[in-house]
Amino acid sequence: MSGIILKDKALVASLRAGLLVWYDTHGRKLPWRQGERDPYRVWLSEVMLQQTTVPHAAPYYEKFLRLWPTLRDLAAAEDGRVMAEWAGLGYYARARKLLECARTVVRGHGGVFPADETELLKLPGFGPYTSAAVAAIAFGHAANVVDGNIERVMTRLYAIETPMPAAKPQVREAAAQWVNDDRAGDWPQALMDMATLICRPKSPVCGGCPLAEACVARARGEQERFPVKLAKAPKPRRYGVVFVIQSGDDVLVERRADKGLLGGMLGLPHTEWRSEPYRTEEITPPLSAPFEVIGSYEHVFTHFALTQEVWRAQVSDESVCDFLRRNNSFQLLPVSEKVLPTVFAKALKMKPVAPGLFD
Ligand code: SF4
């Protein structure tokens with residue numbers, strides 16, 4: 001790390017003040033920034049924003065607040081309802097942790113989030129980032145909040161050559177130099193907004209950057225080289241077959257086991273997701289029916305990419321009722337209800353490649 005800013009605390013103070021002035025005029029008007037800084041709202045937004053863009057998370061945030069305006073409301077909600085309302089937001093373990101955390105705070109903290117970063121870190125679903133973000137934004141504590149956007153700014157400002165993620169300790173050290181009690185809650189938000197609007201991954205707009213004077217990468221003309229990343233190994237591929245079994249306007253779904261991928265969510269029945277493609281004779285649908293193969297689609301999870309073939313059948317009311325009597329983890333769901341995770345919603349959207357081909 002160059003250390004140029006370490007030596008000049010007055011420059012840090014002046015650039016920091018300049019960025020906060022920029023934020024007052026150009027900061028994004030996001031739904032979770034309206035009104036009082038309520039720890040419940042700050043926490044809810046931070047959980048939803050993990051691995052998710054602002055435009056995607058915002059409608060979910062507003063919907064959750066309409067359905068469960070307070071932490072106590074959320075803690076009292078029925079698990080299946082919360083999972084269903086989360087559908088489409090992805091990374092479903094977050095929804096389970098959200099509920100677990102709400103109930104822990106109600107039971108163990110009288111329904112009030114602790115203000116201390118170390119105490120926050122003990123709550124379900126809280127890692128170093130969320131603890132620091134809630135401590136800073138909701139409680140105004142001088143916490144060192146470092147997300148991917150702030151990493152980008154810091155690696156450029158200091159021209160950190162160590163590849164990510166090994167550079168994380170250096171990045172934290174760099175970011176800590178800018179943290180103090182003055183507008184401690186606004187600071188990380190100002191930095192994130194600057195990172196999103198100005199210090200963009202591609203084509204940063206350095207001419208409008210309040211921190212440009214101190215930026216080593218800019219001085220060298222190699223902003224986009226930072227953060228340095230190691231080449232990523234391709235994700236392993238898995239294969240599966242999903243069954244779209246319709247009875248009139250309803251589709252057969254099952255409640256997935258609580259543990260594991262998409263745990264607790266509703267999903268379409270499918271084969272195991274394995275590393276080898278399936279041969280037709282290996283596939284056993286959950287119930288016997290005249291299936292047609294209508295195509296396949298791709299879905300990318302965090303740890304693997306999935307190629308999924310879609311088998312579809314229309315079955316009679318009698319056969320589906322008989323099946324439901326014998327299999328109580330299954331139920332019928334109106335096709336129009338948008339409560340399935342994206343990996344299954346994609347199967348419902350598929351049309352036959354050539355209608356009538358499999359009739
Ligand atoms: S000068 Fe450019 S590269 Fe450096 S922090 Fe500002 S926007 Fe990012």
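Student: Before anything else, what counts as a cavity here?
Tutor: A cavity is a set of grid points where a 1.4 Å probe fits but cannot get out. Keep in mind that this is a predicted model.

Student: Okay, how many cavities of 30 Å³ or more does a search of the whole structure find?
Tutor: The search finds two.

Student: What volume does the largest cavity have?
Tutor: About 110 Å³. It has 15 lining residues, and the closest to its centre are R156, C199, C206, C209 and C215.

Student: Which helix gives the largest share of that lining?
Tutor: Helix α10, residues 148–157, with three residues.

Student: And how does the lining of the largest cavity divide by class?
Tutor: Into 12 nonpolar residues, one polar and two charged.

Student: Where does the ligand sit?
Tutor: In the largest cavity.

Student: Which residues are around the ligand, then?
Tutor: R156, I198, C199, C206, C209, A212, C215, R218 and Q223. That shell splits into six nonpolar, one polar and two charged residues.

Student: Switching topic: what's the volume of the second largest cavity?
Tutor: That one comes to about 40 Å³.

Student: Which residues line the second largest cavity?
Tutor: A143, N144, V145, I150, A175, V179, W187, P188 and L191 do. Helix α12, residues 186–197, supplies the largest share of this lining, with three residues.

Methods
Residues are numbered from 1 along each chain as its sequence is written. This is a predicted model: local features need pLDDT of at least 70, side-chain atom pairs count only at pLDDT 80 or more; totals for chains, interfaces and linings use all residues. Side-chain values use heavy atoms; hydrogens and water are left out. On a 1 Å grid over the protein atoms alone, a cavity is a set of points where a 1.4 Å probe fits but cannot get out, and a pocket is an open set with protein on both sides within 12 Å along at least five of seven lines; lining residues have an atom within 4 Å of a point. Grid points are joined across faces, edges and corners, and a volume is the space filled by probe spheres set on the points. Helices (H or I, at least four residues) and strands (E, at least two) are DSSP runs, numbered from the N terminus. Ala, Val, Leu, Ile, Met, Phe, Trp, Tyr, Cys and Pro count as nonpolar, Asp, Glu, Lys and Arg as charged, and the others, Gly among them, as polar. A residue is near a molecule or strand if one of its heavy atoms lies within 4 Å of it. A molecule sits in a cavity or pocket if more than half of its atoms lie within 2 Å of its grid points.
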